[in-house]
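I would ask everyone to look at the chain on the screen while I go through it step by step.

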Amino acid sequence: MSTHIMHSLATVALGAFAILFFCAALIVGLIVLKKYKAEQIRLNERAKKRAYANQNQPK
């Protein structure tokens with residue numbers, strides 16, 4: 001009986017750890033995605049400014 005209880009406890013602990021790990025990975029993934037998007041926007045703005053500056057240079 002006690003081995004069965006220990007086994008189910010281990011299963012529950014493993015399940016809880018898996019859920020926790022999944023949630024942590026999801027949060028990290030969202031943060032990374034947010035930073036990546038912000039960087040893309042920043043790079044696009046810089047490229048637009050550069051293109052605009054090049055366009056308006058006297059020839």
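Let me begin with a question: in which helix do phenylalanine 17 and phenylalanine 21 lie, and how many residues apart are they? Both lie in helix H1, which covers residues 2–55, and they are four residues apart, or about one turn of the helix. Please keep in mind that we are looking at a predicted model.

I turn now to the chain as a whole. The chain has one helix and zero strands. Its radius of gyration is 26 Å, whereas the globule rule gives 10 Å for 59 residues; the value for this chain is well over that, so the chain is more spread out than a compact globule. The box that the C-alpha atoms fill tells us about the dimensions: taken along the principal axes, it is roughly 90 × 10 × 5 Å.

What percentage of the 59 residues counts as buried? The figure is 0%. The accessible surface of the chain comes to about 5900 Å². Carbon and sulfur atoms account for 72% of that surface.

Alanine 10 is in helix H1 and is partly exposed, with a relative accessible area of 45%. From alanine 10 to leucine 30 there are 20 residues in sequence, and their C-alpha atoms are 30 Å apart in space. Isoleucine 19 is also placed in helix H1, and its relative accessible area of 57% makes it exposed. Between isoleucine 41 and alanine 13 the C-alpha distance is 42 Å, for a separation of 28 residues in sequence.

Let us return to the two phenylalanines. A pair of aromatic rings is described by the distance of the centres and the angle of the planes. In this model the count comes to one aromatic pair. It is formed by phenylalanine 17 and phenylalanine 21, with 6.4 Å from centre to centre and 25 degrees between the planes. Why is this pair called stacked? The planes are 25 degrees apart, and planes under 30 degrees apart count as stacked, so the pair falls into that class. Phenylalanine 17 is exposed, at 56% relative accessible area. Phenylalanine 21 also counts as exposed, with 56% relative accessibility.

There is a further nonpolar feature to point out. A nonpolar patch on the surface is formed by Phe22, Leu26, Leu30, Leu33 and Tyr36, and together they have about 560 Å² of accessible area. Let us take one member, leucine 33, which is placed in helix H1. Leucine 33 counts as partly exposed, at 46% relative accessibility.

I come next to the charged side chains. How many salt bridges are there? The count comes to two. In one of them, the side chains of glutamate 39 and arginine 42 meet at 2.9 Å, N to O. These two residues both lie in helix H1, three residues apart, which is about one turn of the helix. Glutamate 39 is partly exposed, with a relative accessible area of 33%, and arginine 42 is partly exposed, with 42%.

A salt bridge also joins the side chains of glutamate 45 and lysine 48, where the distance is 3.9 Å, N to O. Why does this pair count as a salt bridge? The rule asks for a side-chain nitrogen of Lys or Arg within 4 Å of a carboxyl oxygen of Asp or Glu, so a distance of 3.9 Å meets it. Because glutamate 45 and lysine 48 are three residues apart in helix H1, they are separated by about one helical turn. Is each residue partly exposed or exposed? Glutamate 45 is partly exposed, with a relative accessible area of 38%, whereas lysine 48 is exposed, with 53%.

To close, I repeat two points for your notes. The chain has one helix and zero strands, and 0% of its 59 residues count as buried. Thank you for your attention.

Methods. Residues numbered from 1 in each chain as written. Predicted model: local features only at pLDDT ≥ 70, side-chain atom pairs only at ≥ 80, totals over all residues. Heavy atoms only, no water. Rg over C-alpha atoms; globule rule 2.2 N^0.38 Å. Buried < 20%, exposed > 50% of the residue type's maximum accessible area, 1.4 Å probe, protein only. Areas by Shrake-Rupley, 256 points an atom, 1.4 Å probe, with all protein chains shown as cover. Phe/Tyr/Trp six-rings, centres within 6.5 Å; stacked < 30°, edge-to-face > 60°. Patch = residues over 30% accessible without salt bridge, like charges linked within 9 Å, V, L, I, M, F, W, Y side chains within 5 Å.
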